[in-house]
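The following exercises concern local features of a structure. Each task is followed by a worked solution.

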Amino acid sequence: MNDLIKYLTLSDPNVRYVALAILLLGGVSGAVGTFNFLRKKTLVGETVAHSMLPGVLIAFILSGVKDPLVLISGAAMSGWLSIWVVDYITRHSKIKGDSALAIVLSSFFGLGIVMLTVIQRTYGREQSGLDHYIFGNAAAMSPEDSVVFGIISLVVLLIVVWNYFSLKAVVFNQDFAQSVGINTKWIETLISFITILSISVGIKAVGIVMMSALLIIPPTAARFWTDKLGRMLLISGAFGAISGWLGAFISYSYSSMPTGPWTIVMISLIAFVSMMFAPNKGVVFQRWSKLLVKRRMNEENLLKTAVQLEVRGQGKLFNRRSISARQFFDPRLWNRTIKRLRRKGLVKKVHTGFTLSTEGRAIGAEIDRRHKIWEVYLQRRMQMSVHLVHDEADTMEHFLTPEIEAEILKELGLCSRFNPLLEIHEIVPEGA
Amino acid sequence: MDAFWIIITGFLVASSTGMLGNLLLLRRMSMMGDALSHAVLPGIVIAYLISGSRASLPLFLGAIVMGVVTTLLIQFFSSKGKMQSDAAMGTVFTFLFAVGVILVTRFAGEADIDADCVLHGEIAFVPLQTSSFLGLNVPAPVWTLLVLLLVIQVIFWWGYKGWMITSFNNEYAQSIGIRTVLWHYSLMAATSVATVVSFESVGAILVIAFLVVPAASAYLITDNFKRMTLLIMLQGLISAILGYYIAEWVGGSISGSMAVASFLQFAACFAWSKVGTKKEG
């Protein structure tokens, strides 16, 4: 608790910069990743991050110092080169995007490893810490680093706000963007630019091998909550920032726990929870709504069949056996469905069986009518055989809205009431 | 003799992963190698913590289990969770890798294991692990990789028709009653086994490189499938030799150099295919 207060109030100067920097980093890369996510190029971040290793090392060899700004520029340059190579390969050969990404990733990173081993052998103490770029070391963030992060976030924010409409158009519909006169090449370059920018500042904190997670996972999580780009950017940025903050907190309160990996574990948990429980798109919600539809279909089938038995003069009383003669219900399903129908007051229990209430009868008759309308429609307009239309209609009867129904009746020139006793072949004579 | 064994190891890795890379290339799943080699880290660490030793069998089992789990998770996220498939892959492997790194740091004190050794397992140590067989001093990894290559070859030629048809036209394959999901999973399982077995001895970078680069270069030069597989092996051999001598020359990582060498070959094939098309045009 004490830790939490100390952390929240940022009274400890050590944690102040780390927390701030990683929070900004999470937010920025979450927002930037959204554009790559929507263009279905999420794995670009993975290749760019890995490809930055040789750039960092060349910058170090040339300058001889570990000045963060120099190393970042080196990283950015080799990141840029990697995007260019991927682009060149895909445009000038039959190699597809994913293979080009894997080719560039492995060769740039391989080159980086060769260089790193050579540097470690030939340079003395001054090279130590370069390997931090591979796995990241957020604890080594300095005040200057968080200032750099602040500036970068501002730049990215300005770019996104300034070009919001063009970005949106390019991300969702390239052809449309081109047709309204947007320079799509320029906008794509801009997206690459902000991607490289956020990755090149992030690798020192999170590490080359894990940086891509901060671009991939926040938008993946945010996608479950919204369909709008603006909101998605905000949510994704917020998820990234929150997890960065949590990661820094865990690393602060438990010694020797690394910040970067915990940030990624946090954002993954957010993504997992989003996937399971988000309204509308979450797995649980989808399962639930499917279950509701299934239940409604069973109820409607039971009512419809009971009505059919009634009009065929088989009495008002029904039970599982008599219903199952036309529409099969196993005992478990029967008990559950009957229980729900009785609770809704659509079915009443009479000593030897069940009977429909007035409302139940009305619903059943309505479903039966829709079934027949759809059968007639399939027969007359779709030229389907009489023997085939029944199964199709069995599904559609549950989904036919009054508006569609009216349309169909108008088109077929039918009145809205059928004699409920008639079967399909009696309404539509053979060969009609 | 060391040089010989290192080159042989490189060649064996290239030819077994390259065959699968061929199929991954056609299915547009080339990043799977990268994903798997990151994702198995927690499996290796957990196996290490349970068994308490760096013996290769438990680590190997842990990694394979993790490879299969990764494949299943990606499948679950993309089919049940309706994530777009590249995002599902990216989410799963980065998450698992982060878990692995956390485990490594948490148990760093008690365990003689670090993330570096998994990512950059070094091919240079292959000749040190000799075991003698029939009077021959053959390094143990070479045996494992030889078995791997045989197994992969058998599986490959047994299943390649199924994989081909499901790669080129999945809907058609499904419609004539081929169980496409089964083929998908079997390829993923084979890939994770190959990835794990090879990177235990040569490191992850080289596995990612050999999984895709030789296949892509061969694909640029020929459309004939059998010729492609031959070219892949040839390229593996050249990359292994070239990479070894580059490393010797600059004094750096051999695995990294082999990856660079295979890229050089890719560049050559790329140029070759450009010249070829220009002549035709």
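**Exercise 1: a charged patch**

Arg287(A), Lys290(A), Lys294(A), Lys80(B) and Lys82(B) form a positive surface patch. The model is predicted: local features need pLDDT of at least 70, side-chain atom pairs count only at pLDDT 80 or more, and totals for chains, interfaces and linings use all residues. Residues are numbered from 1 along each chain as its sequence is written, and side-chain values use heavy atoms, with hydrogens and water left out.

Task: state where Lys290(A) lies and whether it counts as buried or exposed.

Solution. Step 2: Lys290(A) belongs to helix α14 of chain A. Step 3: its relative accessibility is 61%, so Lys290(A) counts as exposed (exposed is over 50%, buried under 20%, partly exposed in between, with a 1.4 Å probe and protein chains only).

**Exercise 2: positive phi**

Task: locate Asn280(A) and Arg28(B), and give the phi of each.

Solution. Step 1: most residues other than glycine have a negative phi. Step 2: Asn280(A), in the loop between α13 (259–277) and α14 (283–311) of chain A, has a positive phi near 70°. Step 3: in chain B, Arg28(B) sits in the loop between α1 (2–26) and α2 (32–39), and its phi is near 55°. Step 4: Asn280(A) is exposed at 52% relative accessible area; Arg28(B) is exposed at 54%.

Technical notes: Chains are lettered from A and ligands numbered from 1 in the order in which they are written. Helices (H or I, at least four residues) and strands (E, at least two) are DSSP runs, numbered from the N terminus. Patches are made of residues with over 30% relative accessible area and no salt bridge: like charges are joined within 9 Å, nonpolar side chains (Val, Leu, Ile, Met, Phe, Trp, Tyr) within 5 Å. Accessible areas come from the Shrake-Rupley method with a 1.4 Å probe; for residues, only the protein chains shown count as cover. A salt bridge is a side-chain nitrogen of Lys or Arg within 4 Å of a carboxyl oxygen of Asp or Glu. Lys and Arg count as positive and Asp and Glu as negative; His and the chain ends are not counted. The place of a charge is taken as NZ of Lys, CZ of Arg, CG of Asp or CD of Glu.
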